[in-house]
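Please look at the sequence and the structure below, and then work through the questions that follow.

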Amino acid sequence: MDIMTINKDNFDKEVLQAEKPVVLDFWAPWCGYCRRLGPVVDRLAAQYEGELLVGKVDIDESPELEEKHEIETIPTLIVYQGGKASEPLINPGSMTEIEDWLKENGAV
């Protein structure tokens, strides 16, 4: 599954109006932990293909989304369902932690 690039221009259509849950990864290219989490996010997209959508928000390219969603630490994951955001998962330590968080938020 392809991971969507989300920015201010497509956020409403691709995230808020999506029929499936959307997991957004707020990240930046200069963030070492964000780059290490990248393959985990890729696996997440492949594992849950058809159940949820996965997108990435580069906070350097979309500072307005970073500010709107009060992102203070990266990487931060947020699930959007029906136009509503979940509690964020900040700096997850493992795929298991992400999967548990997705289940707690009813995304899978």
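Q: Which residue stands opposite Ile-78 of β4?
A: The model is predicted, so local features need pLDDT of at least 70 and side-chain atom pairs count only at pLDDT 80 or more, while totals for chains, interfaces and linings use all residues. Residues are numbered from 1 along each chain as its sequence is written, and side-chain values use heavy atoms, with hydrogens and water left out. Strands are DSSP runs of E of at least two residues, numbered from the N terminus, and two of them pair if DSSP finds at least two bridges between them. β2 and β4 run antiparallel and are joined by five bridges, and the residue opposite Ile-78 is Leu-24.

Q: Which residue of β6 is the bridge partner of Leu-77?
A: β4 is also joined to β6, residues 89-90, by two bridges, and these strands run antiparallel. In β6, the partner of Leu-77 is Leu-89.

Q: How many of the six residues of β4 are buried?
A: Buried means under 20% relative accessible area, with a 1.4 Å probe and protein chains only. β4 is largely enclosed by the rest of the structure, because the number of its six residues that are buried is five.

Definitions and conventions. Buried < 20%, exposed > 50% of the residue type's maximum accessible area, 1.4 Å probe, protein only. Helix = DSSP H or I, 4+ residues; strand = E, 2+ residues; numbered from the N terminus.
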